[in-house]
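Here's a quick tour of one model, taken a piece at a time. Have a look at it first, then read on.

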Amino acid sequence: MLSPQTPETKPVKLSVRNLDFRYGEKKVLDGLSMDIHAERVTAIIGPSGCGKSTFLKCFNRIHEVSSAVQVSGQMAMDGVDIYRGGIDQVDLRRRVGMVFQKPNPFPKSIYENVAFGPRLFGVRDRATLDGLVEDALRKSALWDEVKDRLKESATGMSGGQQQRLCIARALAVNPEVLLMDEPCSALDPIATAKIEDLIGELKENLTIVIVTHNMQQAARVSDYTAFFWLGKLIEMDLTERIFTTPRERMTEDYITGRFG
Amino acid sequence: MTSRVPAFKVRATARVADRAMHLALWLIALTFVAVLIGFVGGILKEGWSELNLGFLTRMPEALDAGGGIKPELFNSLYLVALSLALAMPIGLGAGIYMAEYAGQGRALRFFRLCVETLAATPSIVLALFGMILLVQMLGWSFSIRSGAVTLALLNIPVITRVTEESLRGVPRELLEASYGLGATKLQTILKVALPYAATGILTGVVLTAGRAFGESAILVFTAGTNVSQHFPDFRLSVPGETLSVHLWYVTSDGTLPDATQIAAGTAAVMILVLLALNLLVRLLDRAIRRRTR
């Protein structure tokens with residue numbers, strides 16, 4: 001984990017400036033600005049309804065699949081505005097993968113779940129698909145558990161395995177960023193520990209943004225932590241600083257359990 | 001500190017009401033089953049003696065006893081198949097549009113009103129519409145094609161509704177998973193939504209087939225009360241009396257000496273076909289569900 005003594009060496013992957021998000025009349029996010037570094041884990045914490053999950057979904061624009069939303073301000077990936085920079089939404093979602101709160105494998109076989117993404121992009125060759133599936137399952141530490149039952153239905157797996165399968169499915173299209181929306185909230189402590197270990201390994205070549213309501217989890221897995229309250233970014237800093245010497249009183253009150 | 005909240009007990013009346021409701025609902029269900037068994041059993045009992053291979057494979061008679069229902073059985077199945085072939089692309093397309101593309105606004109409400117109006121139109125109205133437009137104005141006369149097109153009008157709103165409902169029942173999480181991987185809307189519909197909705201759509205289509213199979217008013221006025229003398233006759237321009245029309249015709253016309261027996265046999269065959277259809281949908285449903293859920 002990044003400590004205050006070592007300087008940041010990784011470039012900024014995602015930058016957010018004055019982001020407002022409106023859903024109908026309601027302003028859900030208000031004037032957010034932050035930088036997210038490549039190959040780091042950035043955790044977003046805050047009480048329910050603070051907009052952290054909404055914020056996460058702005059990075060892959062998945063809101064826009066089902067409802068009309070209004071986003072103003074700037075959100076850029078590698079310096080290119082993902083709302084107005086001419087990036088196609090569908091292409092954006094290939095580059096910015098997502099793991100959801102509840103494991104959501106497709107009601108298909110384990111193999112077909114992982115192969116789903118590559119198939120979308122026209123991979124037909126069996127050997128190539130086999131390789132991609134194995135690779136993604138190895139990266140998500142699931143290969144040894146499932147290599148002999150790839151043809152079995154994914155819905156028969158345990159919750160923790162399903163969530164790691166969802167991670168494998170996301171990794172199979174080779175994303176640059178992985179968004180995780182409370183990925184362990186439906187899992188037991190052992191499955192949670194496995195996912196947390198996995199996050200540590202995956203950040204080697206991925207930018208990870210994780211929303212969590214579990215502050216210990218944020219402290220364990222992340223390099224940076226951002227604290228949200230009522231749609232505003234109250235404070236963002238190195239995780240170590242947020243949990244030891246936060247600048248804002250409100251952050252301290254929240255992480256010590258005085259509210260939230 | 002002693003609690004001020006008393007130790008609540010479930011009241012006796014609440015318990016009794018609970019039991020009584022359970023009993024009442026059970027009795028209603030039992031009555032329903034009894035009526036159905038009595039009804040189906042009665043029809044089968046009446047028609048049982050008529051059910052033999054000869055009855056199913058003979059041509060009907062116009063004046064003498066001993067006629068069969070071979071062409072009527074064929075026409076019933078043929079017309080159902082043709083009307084579904086016409087209604088499926090339109091119904092599926094409209095249902096997909098309503099569930100996935102129409103949004104939530106005025107367009108959707110208007111479209112839904114149209115579908116509901118068509119669904120609520122009495123079949124005799126569709127029958128007369130088909131007769132005036134197809135049989136008379138287009139000069140298609142009483143024929144398989146007039147019947148199939150008019151029957152499709154009956155099927156379209158049902159298939160549209162069931163497609164829309166089934167697609168709306170697809171869990172949002174699965175759609176998000178697909179979009180989240182970079183799938184387009186069409187890819188998501190084809191690879192995730194439709195496979196998941198397949199059992200619901202299939203059930204709806206088979207129920208539609210059953211309704212079309214039993215329909216009489218529409219076919220009396222569009223497919224007519226005669227049959228081709230060739231068998232099997234796949235031509236679309238020939239008249240195509242179906243089983244239900246035959247049932248109505250022999251009992252109301254009254255020239256056949258064995259009209260009662262023929263009607264009983266025809267009714268029994270119809271019931272058996274419908275039972276087989278329902279059984280089929282169960283089996284298909286289970287097979288698809290195992291593969292897609």
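The centres of domain 1 and domain 2 of chain B, taken over C-alpha atoms, sit 31 Å apart. This is a predicted model, where local features need pLDDT of at least 70, side-chain atom pairs count only at pLDDT 80 or more, and totals for chains, interfaces and linings use all residues. Residues are numbered from 1 along each chain as its sequence is written, with chains lettered from A and ligands numbered from 1 in the order in which they are written.

The domain assignment, automatic or from a database, puts domain 1 of chain B at 7-50 and domain 2 at 53-292. Seven residues of domain 1 of chain B touch seven of domain 2 of chain B; being in contact means C-beta atoms, placed from the backbone, within 7 Å.

Chain B also meets chain A, with 15 residues from chain B and 20 from chain A. On the chain B side, H7 (172-180) and H8 each supply at least two residues, and H7(B) gives the largest share, six residues. Helices here are DSSP runs (H or I, at least four residues), numbered from the N terminus.

| Domain 1 of chain B, touching domain 2 of chain B | four residues | one residue | two residues |

Terms used:
Contact = placed C-beta atoms within 7 Å. Nonpolar A, V, L, I, M, F, W, Y, C, P; charged D, E, K, R; others polar.
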